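Dear colleague,

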Amino acid sequence: MTTHTLSVLVENKPGVLSHVAGLFSRRAFNIASLAVGPTHDERVSRITIVVDGASTPVEQVSKQLEKLVRVLKVVELHDGAAVERELALIKVRADPALRGQLLEVAGVFGASVVDMSPTTLVLEAVSSPGKLDALLSMLDAYGTCELVRTGRIALARGAGVITDGSPALTAIPDHAGSAA
Amino acid sequence: MQELTGAQALVRSLEQQGVEVVFGLPGGTILPTYDPLLSSSLRHVLVRHEQGAGHAAEGYAWATGRPGVCMATSGPGATNLVTALSDAYMDSVPIVAITGQVGTGLIGTDAFQEADITGITLPITKHNELVTDVERIPAAIAEAFHIATTGRPGPVLVDVPKDVQQATAPWRTADGEWPPAMDLPGYQVPGPPSEAAIRAAISLLLQARRPVLYVGGGVIKSDSHADLLRLAELSQAPVTTTLMARGAFPDTHPLALGMPGMHGTYPAVAALQEADLIVALGARFDDRVTGKLADFAPRARIVHADIDPAEIGKNRKPDVAIAGDLRLTMAGLADALAVAVGDGGSRPDTADWLSILDGWKRQFPLRYSHHADGPLKPQYVTERLSAMTGGDAIVVAGVGQHQMHASQHYSFTKPRSWINSGGAGTMGFAVPAAMGAQVGRPGELVVAIDGDGCFQMTAQELATCAIEKIPIKVLIFNNGFLGMVRQWQELFYDERYSSVELGTAIPDYVKLAEAYGCVGLRCERPDEVDTVLDKALTRTDVPVVVDFRTHDREGVFPMVPAGRPNDEIVLGPEFSAEEQRAATRREMGI
């Protein structure tokens, strides 16, 4: 079983997310992570979905996604060819005696302290999913009290743009990069 | 600019769209729209149950090729459409459903007769929309029809809250300017196929020694039966038409093999298994056709042409994929083959293959036993209907044994003469779908072949037919059982018949028909069939229901047990063990 990252441009309209998610649940796919947000064009949202599954059924889901009327574009982003990031907020136990060590660990991973109490710290970490996992396992030794992690977001490396060669997007007037 | 209520705009949009008939049933939240409907050019057929409206819209679309329209109120009215929407989605039938919804201020409050119908129908519609702005109504309706009828057709639902129907907005579309601007940036209608793919397909077809054209419902939906005939005759490839495609190719043609699949003819099933090339045209390698997928057509290369790119490679990986408009694909294939053959090129040499298939047709035909003194066989009734109508009727079926007997034993010669529930397998489809077909093609003979189980699920629409003067003929194959379920219990559950006996006498179908204002007839013996059929078919003023008391032990054969390889096809009790062995161990000389 491998992980697939799909980047989906959709019209920013009600019900689109449940339609997209429904296509995965219907085929018994587990969505490992999901991130949704607006793009630089307010009429368009971008959904990044990470799913576990074999390649053939994932390709089938992509084709089914392409058929949804409110879906503008679907691309699969492959490992290594895309920049991937997740954000985590971690509340970790920080007894005064261990606080210095803890800050050192945070510093190695580029995590910053965003809140502090006499016994805890809240760290903010932004990094690739793998590096984030490494940080979390380091922090376990100190006692993770609470963790919240966003869905993964990803962009292809290089000069290419998701809307390249997509007639769908030229139909949206003034869509950056396609209808100039 | 004229100021219209949302309801008026909705009805005018339907008029602009060219809709001639709406099947529906009013209720609280759709009432505003029923008011302007009264003074519109639209015919409204008042059904007795919304499911009937949905299937009638489907039957209308199957029979005419034009989108069917159904209308219902919110809550239970809308949920009663769900089965029909699911059916239309599975069989790619273009229908538009319009539902009332509770007022926008009440949505999400569990208001009276509220149901989240766009949420409920999300996975069973091609598209749906909750319209929250009265200004959007014309575009929403135009988009619904555009989406339902283009590309791979399918059902679209438009849900309109009551206050949106009551609000007003200027009507901005001038006469003759329909449709208004549509806002569908993510929706593309598939274009022509790639020429390279067409060439690749033709090259395989010219080399093939054992080709089969595997024809699905797409050929009927794209009106490309004429190109299919050309393609078949130029390539001399035999043709099998799926349950969705019966009538796309004349059963009377020497190249016709009949239906493939679980209850397909032996020549069709075996031809696919032995083929070296399968050209799939608007078909989707459904499990009822392939049997166990891994053992389907093991030696065949595959050309798969479909309008829906998601179907290509879904079940069977093709060697040549032709995605695009099927009508253009069919014309492209026939034209390219005509050029190849006409340029002094040699015709595909399929003579040996066709002679093997002819042998199979003679050796392993559809066979059933029939005696003049009974019992009455459903196959016999179907064959008599076929002969007496000359294949000219529009035949509509429900789901089960009667459906299979009808599809096997009626001789179909033209497209849009066979209507049934294929993918969804919706019992109760026949009566309302026949009603819709008859409305779409008045003056033609529409005959529903139905089972007694199916019939009782939607028989209430006989009232609609009688009152609206929709003179369908309903032939009930009354064996007193849920026959197909009984057959499976006989074969796979050790003859333990669990909850399948309906009884033949209750209801009394003749009296029931008469109670509904129809003519009721009964036929119990083979020698009465012609007389009764003649009586039924010649009544053109009222609906007719015939209670055929058919043999309760009759099965449907051939049969490939579910999930088994097609090579394990069972010919049935009419064939000897020796014949079955010969059928299973085919010797292929070529």
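How many bridges join strand 1 of chain A to strand 3 of chain A? Strand 1 (residues 2-11) and strand 3 (residues 44-53) of chain A run antiparallel and are joined by 10 bridges; strands (E, at least two residues) and helices (H or I, at least four) are DSSP runs, numbered from the N terminus, and two strands pair if DSSP finds at least two bridges between them. One such link is that of A:Val10, whose bridge partner in strand 3 of chain A is A:Ser45.

Before going further, please note that this is a predicted model, in which local features need pLDDT of at least 70 and side-chain atom pairs count only at pLDDT 80 or more, while totals for chains, interfaces and linings use all residues. Residues are numbered from 1 along each chain as its sequence is written, and chains are lettered from A and ligands numbered from 1 in the order in which they are written.

The two strands belong to an open sheet of four strands in chain A, with the order 2-3-1-4 and antiparallel pairing. Strand 2 (30-38) and strand 4 of chain A stand at the edges with a single partner strand each, so one side of each has no neighbour in the sheet. On average, and with direction ignored, neighbouring strands of this sheet are turned by 20° against each other. Helix 1 of chain A packs on the sheet, where it touches strand 1, strand 2 and strand 3 of chain A, and its direction makes about 150° with that of strand 1 of chain A. (Axes are lines fitted to C-alpha atoms, for helices over the stretch in contact, and angles run from 0 to 180 degrees between N-to-C directions; two residues are in contact if their C-beta atoms, placed from the backbone, lie within 7 Å.)

Between the chains, the contact takes 18 residues from chain A and 13 residues from chain B. On the side of chain A, the elements that give two or more residues are helix 1 (16-26), helix 2 (55-67), strand 4 (71-77) and helix 5 (167-170) of chain A.

In chain B, the domain assignment (bounds of this kind are automatic or come from a database) gives domain 1 (3-170), domain 2 (195-363) and domain 3 (378-549). The centres of domain 2 and domain 3 of chain B, taken over C-alpha atoms, are 31 Å apart, and their contact takes 12 residues from domain 2 of chain B and 13 residues from domain 3 of chain B.
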